[in-house]
Amino acid sequence: MSTETTLHVTPKTAADEAHSFAEYKAIEAALQPYIESAKTGDGELCRTAFYDHAHIVGSVNGTFYNLDADTFKGAVNETGASPDVQSHISWIDISGPAASAKVEFINWAGFRYTDFFVLYKQDGQWKISGKVYDSHAQN
């Protein structure tokens, strides 16, 4: 009895690879209004990255927050600009029109944050459907 298995993999074409690369770049672009809003304190800009139904969940200083996108917009405005904030996108994972991403921030209003996003592509546009976050030492 043989335990050998044959794996049939459909080879990727150059067009497949270009499309895949473009999707990662499109998600990076979809996250940019959110990332830029950390620097500018512009809640309106931040809001453009989210679907209307989006929720933001996490805690700061032991207080749990479950905010809708409009309320979060107000929180970004209230926090104000953090011109010295630094950020990077740690990873992006895509499956068809669904994706997730992790973004790290340091010195956003003096805090370090790790944000986990769930994104969805509708009508050719990626937007954030939800966010959970960790405020690290301020949690």
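A residue counts as exposed when its relative accessible area is over 50%, as buried when that area is under 20%, and as partly exposed in between. The views below show a predicted model.

**View 1. Asp123, an exposed residue with a positive phi.** Asp123 has a relative accessible area of 77% and is therefore exposed. Asp123 sits in the loop that runs between strand 5 (111–122) and strand 6. Its phi is positive, at about 50°, although Asp123 is not a glycine. Most residues other than glycine have a negative phi.

**View 2. His136, after strand 6.** His136 belongs to the segment that follows strand 6. Phi of His136 is also positive, near 50°, and His136 is a residue other than glycine. With a relative accessible area of 25%, His136 is partly exposed.

View 3. Strands of a sheet pair through backbone hydrogen bonds, either parallel or antiparallel. Between strand 1 (residues 50–60) and strand 2 the sense is antiparallel, and the pairing runs over 6 bridges. Ser59 stands opposite Phe64 of strand 2.

**View 4. Lys131, a buried lysine in strand 6.** Lys131 is found in strand 6 (residues 125–134). Its relative accessibility is 5%, so Lys131 counts as buried. The side chain of Lys131 makes a polar contact of 2.6 Å with the side chain of Tyr34. Leaving aside neighbours within four places in sequence, the residues in contact with Lys131 include Phe50, His55, Asp115 and Phe116. Tyr34, the partner in the polar contact, is buried too, with a relative accessible area of 1%.

**View 5. Tyr34 and Phe105, an edge-to-face pair.** The model holds 11 aromatic pairs. In one of them, Tyr34 and Phe105 lie 5.8 Å apart centre to centre, with 70° between the planes, an edge-to-face arrangement. Tyr34 lies in helix 1 (residues 14–40) and Phe105 in strand 4 (residues 98–108), so this pair ties together parts that are 71 residues apart in sequence. Phe105 counts as buried, at 2% relative accessibility.

**View 6. Trp91 and Phe116, a tilted pair.** The ring centres of Trp91 and Phe116 are 6.4 Å apart and the planes stand at 45°, so the pair is tilted. Trp91 is in strand 3 (residues 86–95) and Phe116 in strand 5, and the pair links these distant parts of the chain, 25 residues apart. Trp91 is partly exposed at 37% relative accessibility. Phe116 is partly exposed as well, with a relative accessible area of 33%.

**View 7. One aromatic cluster.** Tyr34, Phe50, Phe72, Phe105, Trp108, Phe111, Tyr113, Phe117 and Tyr133 form one aromatic cluster. Among these residues, Tyr34, Phe50, Phe72 and Phe117 are also in contact with Lys131.

Key: Residues are numbered from 1 along each chain as its sequence is written. This is a predicted model: local features need pLDDT of at least 70, side-chain atom pairs count only at pLDDT 80 or more; totals for chains, interfaces and linings use all residues. Side-chain values use heavy atoms; hydrogens and water are left out. Helices (H or I, at least four residues) and strands (E, at least two) are DSSP runs, numbered from the N terminus. Buried means under 20% relative accessible area, exposed over 50%, partly exposed in between (1.4 Å probe, protein chains only). A polar contact is a pair of N or O atoms within 3.5 Å; within protein, one must be able to donate a hydrogen and the other to accept it, and residues adjacent in sequence count only if both atoms are side-chain atoms. Contact means heavy atoms within 4.5 Å. Rings of Phe, Tyr and Trp (its six-membered ring) pair if their centres lie within 6.5 Å; planes under 30 degrees apart count as stacked, over 60 as edge-to-face and the rest as tilted. Two strands pair if DSSP finds at least two bridges between them.
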